[in-house]
Amino acid sequence: MTEPLFEVEDLTMTLRAGHGKTILRSVSVGASAGEAIGLIGESGAGKSTTARALLGMTPPEAAVHGTVRVLGTDVLSLRRSRLQRFRAENVALIAQDPRASVNPMHGIEVFLTEAMRANRNLSKAEARRRAAAALEQVGLDPEKVLRSYPHEVSGGLQRVVIAAAVAVEPRLLIADEPSTALDVASQATVISLLRRVARRSGAGLVLVTHNIEVAASVCDRLVVMRAGSVVETGTTDQVLRRPLAEYTRALIEATRAVSGATDRDDFPGNATESAHA
Amino acid sequence: MPELMKVEGLRKTFPLPTPAADGRRSFVAVDGVSFAVARPGRTIAIVGESGSGKSTVARMLTGLERPDSGRIHFEGRPVEPWRRRRADRFEYARRVQMVFQDPYLSLDPRLTPRQCLDEVLRVHGTGSKHVRSDRVAELGESVGLRPELLDSMPRQLSGGERQRVAIARALAVEPSLLILDEAVSALDVSTQWLVLQLINRLRRELDLSYVFVTHDLGVARLMGAHVLVMRRGLVVEEGPSAQVFDNPQHPYTQLLIRSIPGDGWNPDAVHPEEVTQ
């Protein structure tokens with residue numbers, strides 16, 4: 001048995017305001033070191049809330065029950081300063097919109113090095129060297145990109161965010177819909193990159209996505225969520241080929257129908273009649 | 001018989017707020033787009049990434065943008081939907097309706113679906129209050145909206161329910177052509193599939209034509225009998241859906257198709273940098 005990377009046990013969150021809506025219901029998820037886990041579901045499923053709980057982040061207006069241990073540390077009970085240090089040393093988050101992660105007023109070099117310098121007490125030169133190495137890992141030209149501003153690398157900004165994440169050598173990478181805001185072709189690049197950096201660094205990966213096929217291409221295990229609850233957990237192959245829950249089956253069917261993977265004779269795109277000019 | 005809609009050489013440039021690096025002062029959003037919807041019941045999908053010009057085409061078809069040059073014929077007659085004359089706009093709007101991407105923005109937050117649909121019918125002079133009320137119920141039913149939802153406020157409706165209202169509103173005047181601009185892109189996977197099935201059912205029942213603008217290749221493949229692939233204002237490839245998707249000729253189309261996450265999808269096989277044409 002390998003060392004557990006994280007264990008979420010019986011996590012329940014209820015909003016205090018309004019009607020006391022339960023946004024997470026007895027969620028239990030775990031992973032061992034180096035594993036890639038996909039949290040899948042539609043909006044309101046609780047997948048982002050679960051992922052953020054691994055960072056010790058919970059909605060301020062929610063009552064929280066249950067435990068979240070990352071590398072054996074109970075992150076929900078850590079004081080703010082200790083939590084910050086724990087996160088800086090062990091966990092990195094890649095969010096959906098790279099423009100929200102990067103300060104547009106600062107150059108890429110500052111973005112990549114400031115966390116390392118603040119949290120690891122690295123010299124400017126050493127931080128720069130590590131930033132350059134991380135940029136190389138994500139296929140960007142360090143000399144050029146380190147001197148750029150965020151708007152100058154618009155197409156590759158999510159790569160820069162991934163570089164920032166791997167530069168601090170985290171044990172756990174959390175990617176929350178990392179490719180959803182991007183164009184289709186860049187989406188594939190980001191997913192491919194994420195898969196590569198996670199495998200190379202040996203870091204565990206939690207990938208939050210609404211697309212089960214995207215998750216399947218990266219993850220060892222899948223967790224299907226709906227309306228705050230875990231519907232199904234299993235190896236990627238199991239969940240995809242032999243889904244147990246009706247909801248998982250419906251989700252796979254909808255995904256495949258829309259992605260054009262299944263033939264739908266009753267739709268115009270599959271009509272055999274010759275098209276018009 | 002003339003084509004339902006014929007579009008020739010549509011072109012649109014936008015002035016740039018500041019000159020580009022190479023000194024250009026304007027941006028060519030659409031650079032000569034032509035296509036035709038042969039007859040009622042025919043469908044076209046326009047697919048492209050952000051900045052390809054696809055939405056600008058949709059907006060010109062409904063008169064929300066005025067092209068620099070190019071012509072639109074509707075049922076054999078030249079039309080200029082961007083003209084502001086009320087009578088012309090009214091007549092055209094009766095025949096060509098648009099459904100927008102974001103159902104949260106396109107509905108008046110203060111009107112219930114019943115009021116919203118009734119308003120459209122009243123403006124277009126449909127019968128007495130009694131006749132309109134029957135028609136509203138019929139419209140709600142045809143888009144699969146539960147009758148009690150007709151009297152809720154838009155904020156109480158889910159994204160899918162709102163988009164059903166938006167479709168019902170477009171159908172209220174019995175148009176022969178719908179322009180759908182990313183009409184399912186804001187919806188969850190399973191809701192997306194339900195709305196696509198709805199649009200397809202309405203197409204068959206009402207012999208409705210549509211131009212479906214989308215960034216999603218799977219959606220384009222499914223919904224368009226004829227598909228146009230746009231990139232940087234140009235149509236790089238077009239043809240019957242099966243031809244474009246099963247035997248793509250242009251490297252850009254090939255790239256986009258490899259980018260669709262599907263069963264056994266390999267994001268490593270997607271190389272945007274290799275497509276330069």
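**A quick tour of the model**

Let's start with a facing pair: L10(B) stands opposite V33(B), which sits in strand 2 of chain B. This is a predicted model, in which local features need pLDDT of at least 70, side-chain atom pairs count only at pLDDT 80 or more, and totals for chains, interfaces and linings use all residues. Residues are numbered from 1 along each chain as its sequence is written, chains are lettered from A and ligands numbered from 1 in the order written, and side-chain values use heavy atoms, leaving out hydrogens and water.

**The four-stranded sheet**

- Chain B has an open sheet of four strands in the order 2-1-4-5, with antiparallel pairing (strands pair if DSSP finds at least two bridges between them).
- Its edge strands are strand 2 (26-37) and strand 5 (77-79) of chain B, each pairing on one side only.
- Strands here are DSSP runs of E with at least two residues, helices are runs of H or I with at least four, and both are numbered from the N terminus.
- Strand 1 (residues 5-15) of chain B runs antiparallel to strand 2 of chain B, and nine bridges join them.
- Lying across strand 1, strand 2 and strand 4 (69-74) of chain B is helix 1 (residues 54-61) of chain B, at about 115° to strand 1.
- Such angles run from 0 to 180 degrees between N-to-C directions, using axes fitted to C-alpha atoms, for helices over the stretch in contact; contact means heavy atoms within 4.5 Å.

**The six-stranded sheet**

- Another open sheet in chain B has six strands in the order 6-7-8-3-9-10, and its pairing is mixed.
- Strand 6 (96-99) and strand 10 (234-240) of chain B each have a single partner strand, so one side of each is left without a neighbour in the sheet.
- Six bridges link strand 9 (residues 226-231) of chain B with strand 10 of chain B, and the two run antiparallel.
- In that region, M230(B) stands opposite V235(B) of strand 10 of chain B.

**Over in chain A**

- Helix 4 (residues 108-120) and helix 7 (residues 157-167) of chain A pack at about 20°, with axes 9 Å apart.
- Helix 4 and helix 7 of chain A are therefore roughly parallel (the cut-off is under 35 degrees).
- R130(A) forms a salt bridge with E126(A), their closest N and O atoms being 3.2 Å apart (the definition is a side-chain nitrogen of Lys or Arg within 4 Å of a carboxyl oxygen of Asp or Glu).

Methods. Angles under 35 degrees count as roughly parallel, over 145 as roughly antiparallel, 65 to 115 as roughly perpendicular and the rest as oblique.
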